Amino acid sequence: MELLIDVSRKSFTVGRPFDRRLDDNGVHRLDRRTSLPLWAAQLVVMDEGGADTIVVTLATHEPPQLQQGQQVTPVHLIAQPWSRNGREGVAFRAAEIRTVAAAKSA
C-alpha cells in the first residue's frame with residue numbers, strides 16, 4: 001500500500017544530504033521497477049503539530065545536490081508501511097526533491 005502525503009502545510013529542511021542506499025553487502029541498491037540507483041536523504045518535517053525526521057528515498061541516476069539546513073519540497077511524497085522479520089516501519093519515497101527556490105519558480 002502506498003499513501004500519498006499532502007505536503008502543502010508542511011515545511012521540509014535537509015538534515016542530511018543524499019547518500020547511496022546500500023544493501024546488506026554494501027552494494028548500491030536499485031529500484032525494482034526502473035533499475036535506477038536508490039538515494040536517501042534525511043529531512044526534518046515541521047507543521048503545526050511539531051517536527052519529525054524522515055528518510056526519503058529517490059530513484060534517479062544522480063540525486064539533487066542538497067546542503068544541510070536547505071529548505072526543500074518533496075514531489076509526490078508517499079509513505080509505504082512495511083513489515084519484515086518481526087520489524088515494521090514506514091518507508092518514504094518521492095518522485096523528486098526540489099529546493100524551495102526551484103519549487104516556487106516551477
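This is a predicted model: local features need pLDDT of at least 70, side-chain atom pairs count only at pLDDT 80 or more; totals for chains, interfaces and linings use all residues.
Mentor: On a 1 Å grid over the protein atoms alone, a pocket is an open set of points with protein on both sides within 12 Å along at least five of seven lines. A cavity is a set of points where a 1.4 Å probe fits but cannot get out. Lining residues have an atom within 4 Å of a point. Grid points are joined across faces, edges and corners, and a volume is the space filled by probe spheres set on the points.

Trainee: How much space lies in the second largest pocket?
Mentor: About 210 Å³. Its lining includes Glu2, Asp31, Arg33, His76 and Ala95.

Trainee: Where does Ala95 lie?
Mentor: In the loop between S7 and S8. Strands are DSSP runs of E, at least two residues, and helices are runs of H or I, at least four; both are numbered from the N terminus.

Trainee: What does Ala95 touch?
Mentor: Leu58, Val75 and His76, leaving out residues up to four places away in sequence. Contact means heavy atoms within 4.5 Å.

Trainee: And the largest pocket, how much space is there?
Mentor: About 990 Å³. It has 24 lining residues, and Arg21, Arg29, Trp82, Arg84 and Ala91 are the closest to its centre. S4, S6 and S7 each supply at least two lining residues.

Trainee: Switching to the sheet. What is the strand order?
Mentor: S1-S6-S7-S4-S3-S2-S5-S8, an open sheet of 8 strands with mixed pairing. Two strands pair if DSSP finds at least two bridges between them. S1 and S8 are the edge strands.

Trainee: How do S2 and S5 run?
Mentor: Antiparallel, joined by 2 bridges. Phe12 stands opposite Val72 in S5.

Trainee: Last one: which residues touch the most other members of the largest nonpolar core?
Mentor: Leu43, Val56, Leu77 and Ile97, out of 18 residues. The largest share, 4 residues, comes from S3. Such a core is a set of buried Ala, Val, Leu, Ile, Met, Phe, Trp, Tyr and Cys residues joined through side-chain atoms within 4.5 Å.

Technical notes: Residues are numbered from 1 along each chain as its sequence is written. Side-chain values use heavy atoms; hydrogens and water are left out. Buried means under 20% relative accessible area, exposed over 50%, partly exposed in between (1.4 Å probe, protein chains only).
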